Amino acid sequence: MFADIQNCIAEFVTGSTAWLGRGLSCVCAQRRESDARPSFDLTSAQEECLLRLQSRIDVPYDSSIPEHQDALRALWSVAFPEEELRGLISEQWKDMGWQGKDPSTDFRGGGFISLENLLFFARNFPKSFQDLLRKQEGDRSVWEYPFAVAGVNITFMLIQMLDLEAVKPRTLVGATFLKFIAENESAFDLLYCITFKMMDQQWLSMRASYMDFNTVMKSTRRQLEKELLLDDIMRLEDIPSYKLLTR
């Protein structure tokens, strides 16, 4: 029984790009190149911010780059300040919710920006980060979602939802987000934190277990889109779920 569950989790949370495309198929709409899609004009400031964000998205995680190694070590330090990391390849990483002893294999789906997102979350909202990492809130499932791999999935979902790899936004929610990023260069990282906390709230309210992860992500995306498109939202801090975060 335990082996069957482990195999299911391994298939469900693998960090490969191939899995992320399949695993989030119910969350990210399938498109054809020939689909007619509206586009939204950008201001010069929005265009510059989008290009900078796209440059971040295009960077894969590379375990041979010292900057990437340092970022991974920094993530461990903020996550487990009381425990010394024995190496970038270590069984310790499983305690954070990576699949194995080498986190670099799980970054393939989200790239270096997914590590940056986790670090931003840990440094700016340490209370919420630790609560989610250690599953300290709510009536938890016996089979919980793996924290770190869930974080990579959230990065991937946001990139797809906001259509950030397009030259111009082709959805209203994508165009709305670019208003925020023109005012705050860290808007994507902040939205990531909001989304992670929102996802956990959905997880708890649905009394979900690991097999429900895709359903929870779909529900999270719907709620996030709804909140981003509310009237009188001038900045990300105005959306209702921002209040879920604590420092």
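Me: What share of the contacts with a separation of 6 or more comes from residues 24 or more positions apart?
Reply: It is 71% in the protein chain. Keep in mind that this is a predicted model.

Me: Ok. How many helices and strands?
Reply: The protein chain has 10 helices and 0 strands. Read from the N terminus, the elements go α-α-α-α-α-α-α-α-α-α.

Me: How much of the chain is buried?
Reply: Of its 247 residues, 53% count as buried.

Me: And the accessible surface, what does that come to?
Reply: About 12,000 Å² for the protein chain. Carbon and sulfur atoms hold 50% of that surface.

Me: Switching to helix packing. At what angle do α5 and α6 cross?
Reply: Roughly 115°. The axes of α5, residues 112-124, and α6 come within 5 Å.

Me: Which residues make that contact?
Reply: From α5, L118, F121, A122, R123 and N124. From α6, P126, S128, F129 and L132.

Me: How do they divide into nonpolar, polar and charged?
Reply: The contact of α5 with α6 has 6 nonpolar residues, 2 polar and 1 charged.

Me: Now T220. Where is it, and is it buried or exposed?
Reply: T220 is in helix α10. T220 has 0% relative accessibility, so it counts as buried.

Me: What does T220 touch?
Reply: Leaving out residues up to four places away in sequence, T220 touches M157, T195, M198, M199 and Q202.

Me: Let's do E48. Which helix?
Reply: Helix α3, residues 44-57.

Me: Why is E48 classed as partly exposed?
Reply: Because its relative accessible area is 45%. The cut-offs matter here: under 20% is buried, over 50% is exposed, and partly exposed is in between.

Me: How far is E48 from A182?
Reply: In sequence, E48 and A182 are 134 residues apart. In space they are 8.5 Å apart, C-alpha to C-alpha.

Me: Backbone next. What is phi at K135?
Reply: Near 55°. That is a positive value in a residue other than glycine.

Me: Where does K135 lie?
Reply: In the loop between α6, residues 126-133, and α7.

Me: Is K135 buried or exposed?
Reply: K135 is buried, because its relative accessible area is 17% and the buried class is under 20%.

Me: And D232, what is its phi?
Reply: Phi of D232 is near 65°, again a positive value in a residue other than glycine.

Me: Where is D232?
Reply: In the segment after α10, which spans residues 213-228.

Me: Buried or exposed there?
Reply: D232 is exposed, because its relative accessible area is 70% and the exposed class is over 50%.

Me: Give me a quick recap of those two.
Reply: K135 is buried and has phi near 55°. D232 is exposed and has phi near 65°.

Technical notes: Residues are numbered from 1 along each chain as its sequence is written. This is a predicted model: local features need pLDDT of at least 70, side-chain atom pairs count only at pLDDT 80 or more; totals for chains, interfaces and linings use all residues. Side-chain values use heavy atoms; hydrogens and water are left out. Helices (H or I, at least four residues) and strands (E, at least two) are DSSP runs, numbered from the N terminus. Buried means under 20% relative accessible area, exposed over 50%, partly exposed in between (1.4 Å probe, protein chains only). Contact means heavy atoms within 4.5 Å. Accessible areas come from the Shrake-Rupley method with a 1.4 Å probe; for residues, only the protein chains shown count as cover. Axes are lines fitted to C-alpha atoms, for helices over the stretch in contact, and angles run from 0 to 180 degrees between N-to-C directions. Ala, Val, Leu, Ile, Met, Phe, Trp, Tyr, Cys and Pro count as nonpolar, Asp, Glu, Lys and Arg as charged, and the others, Gly among them, as polar.
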